[in-house]
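Q: Can you walk me through this one? I'm new to it.

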Number of protein chains: 2
Amino acid sequence: MYSMAEPGAQAGAIAELLKSLGLTKYEALVYIALLQASGATATEIHELSGVPRASVYPVLERLSQKQLVSVSNTSPKRFNPKRPDEAIESLLQSVENDATRAKKVLNRIYSLSSRIEREDQELIWSIHGDEHIRARLLELLQGAEESILIIFYWDHLKAELIEKLLSLKKGVRVEIITDGWTAPLPDHINVVIKAPPKETPRETGQKWLAGGVFIIDKKMAIVVMGSKDEGFTALYSESVGFIRFFTMYWNFFSNWE
Amino acid sequence: MYSMAEPGAQAGAIAELLKSLGLTKYEALVYIALLQASGATATEIHELSGVPRASVYPVLERLSQKQLVSVSNTSPKRFNPKRPDEAIESLLQSVENDATRAKKVLNRIYSLSSRIEREDQELIWSIHGDEHIRARLLELLQGAEESILIIFYWDHLKAELIEKLLSLKKGVRVEIITDGWTAPLPDHINVVIKAPPKETPRETGQKWLAGGVFIIDKKMAIVVMGSKDEGFTALYSESVGFIRFFTMYWNFFSNWE
DNA sequence: TAAATGTTGTTATCATAATAACAACAAGTG
DNA sequence: CACTTGTTGTTATTATGATAACAACATTTA
């Protein structure tokens, strides 16, 4: 039994997707099986889905609670799936309901709470992981109102960064120090090309060192650094000291060589 | 310690909501606590949330993976929550992504699968539960193209049903037998008032018997019946026998007394 | 300064509940 | 009878929730 055209092969992957809509693995598998054989009996479903026959019954019960399948009153019972787009739409709907309700309450808690003013701006926050840093960085850049200073040696992110910068509103003055630039240059963006700061053989220590400094509106700075093997770390802060330091750093670089 | 205005009291309820967005109970509780004290330390969070101090660390780790909190690199560490609307929006976003991907694949499976034609129309399907029946019924009525025949003695649903019927497109001819009608009467709707079929003392057996018959486009019939204490059951089918039976039933009623 | 105390962050361990998987059986069906 | 269906109970297995113990520091106090 090595062939069977296994739709069950990809079923596992889809099951994962359906889990975030609140289904269990079995519920997902059973539903998927039913789509391939509307009106199947419990046993047929069991065979198609790989779910133990005994488990199929309670699972179908739950699915019919959730309005994803209907049950015939024949003997043996037969089951019918709700059309997938309807099904997913209705699951999503209920998640969205929860989301808006949660949003409402949480927002109240957030604004209502006499949040202890802890001089957030004096703290330095850190983020780990390529993806997280990327997301946060783009988010922060998006919020820029006046000016952005950048030092940038990080090939991986280059394309996305450029795109984001080009999409900023005109009023924002952008100054960039980097090792190469191929995109169009609106007049509010000023690029200075500099060779990467290869402090002698970079292979000493780690390979593929990359990094960047971003200073936004003179009141928020983000520093990214990392290497292929150690992963990336970013710091960001509104602390005046932090900003002053990296502004100096930027100026130093800007006037170098 | 009986007062303290317990925001933790409702926290449990909100935690439930957040679970459908993919958070665990602890993740929810910790995040909620953080909203009340941005920039708190692990210990403070522990005190506010009731989550064991040792558990707070891994939970915060997961939350920061999910981009819901950021971490300072001070000692002790301090934590900052993402603004609740952003947070929820981004969680919801990822669920929606999964949903659309799932929808795509499932629809393909559904349409592609040489669904064994099992003469669905010969089967009779059943639904249980007030809410489920309501939802399905309205959905089916919505799909009507030509005609709807109705026998209706079910106070609970009356308002919604009327609304739905009035919202149908003009082409659909509607014939209703019921015990009372107060809404406006467009000329494609025809109502016959009849006293409920009280087959002598209805208290014999169950109290509050209610029910209805709906025949849509002469090719789909839904029958609802139930009582306050036993709950409701609905049958629906495209079986010709089923439809013929209830059409006769309708005619019988229509010409009665 | 040395000892005592408290805090933080980390790890290991245990408990519990949800889900998954299996085995057994009674009732129904042909 | 042989077979299938539907149901029940029991046992893994996993994810999550909860507790305990500890090393590293920092703070206090004598």
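**The surface near DNA strand C**

A: The residues of the surface near DNA strand C divide into seven nonpolar, four polar and three charged. Nonpolar here means Ala, Val, Leu, Ile, Met, Phe, Trp, Tyr, Cys and Pro, charged means Asp, Glu, Lys and Arg, and the others, Gly among them, count as polar. A residue is near a strand if one of its heavy atoms lies within 4 Å of it.

Q: Before we go on, what kind of model is it, and how are things labelled?
A: This is a predicted model, where local features need pLDDT of at least 70, side-chain atom pairs count only at pLDDT 80 or more, and totals for chains, interfaces and linings use all residues. Residues are numbered from 1 along each chain as its sequence is written, chains are lettered from A and ligands numbered from 1 in the order in which they are written, and side-chain values use heavy atoms, with hydrogens and water left out.

Q: Ok, how many residues surround DNA strand C, and which are the closest?
A: There are 14 around DNA strand C, and the closest are A:Lys25, A:Tyr26, B:Thr43, B:Tyr57 and B:Lys77. Sugar and phosphate make up 66% of the atoms of DNA strand C that come within 4 Å of the protein.

Q: Which helices supply that surface?
A: In chain A, α2 (25-36) and α4 (53-65), and in chain B, α3 (42-49) and α4 (53-65), each supply at least two residues. α4(B) gives the most, with three residues. Helices (H or I, at least four residues) and strands (E, at least two) are DSSP runs, numbered from the N terminus.

Q: And what lies by a base nitrogen of DNA strand C?
A: An N or O atom in the side chain of B:Arg53 is 3.0 Å from a base nitrogen of DNA strand C. On the phosphate side, a polar side-chain atom of A:Thr24 lies 3.3 Å from a phosphate oxygen of DNA strand C.

Q: New topic. How many residues does each chain put into the contact between A and B?
A: Chain B puts in 62 residues and chain A puts in 62 residues, where contact means heavy atoms within 4.5 Å. The two chains bury about 5,600 Å² between them, 62% of it on carbon and sulfur atoms. That area is the accessible area (1.4 Å probe) that two parts lose on being put together, summed over both.

Q: How many salt bridges are there between them?
A: Two salt bridges are counted between chain B and chain A. The rule is a side-chain nitrogen of Lys or Arg within 4 Å of a carboxyl oxygen of Asp or Glu. One of them links A:Glu89 with B:Lys103, with the closest N and O atoms 2.6 Å apart. Helix α5 (residues 84-112) of chain B gives the most to the side of chain B that touches chain A, with 19 residues.

Q: And how many salt bridges over all chains?
A: A search of the whole structure finds 28.

Conventions. Polar contact = N/O pair within 3.5 Å; in protein donor to acceptor, adjacent residues only side chain to side chain.
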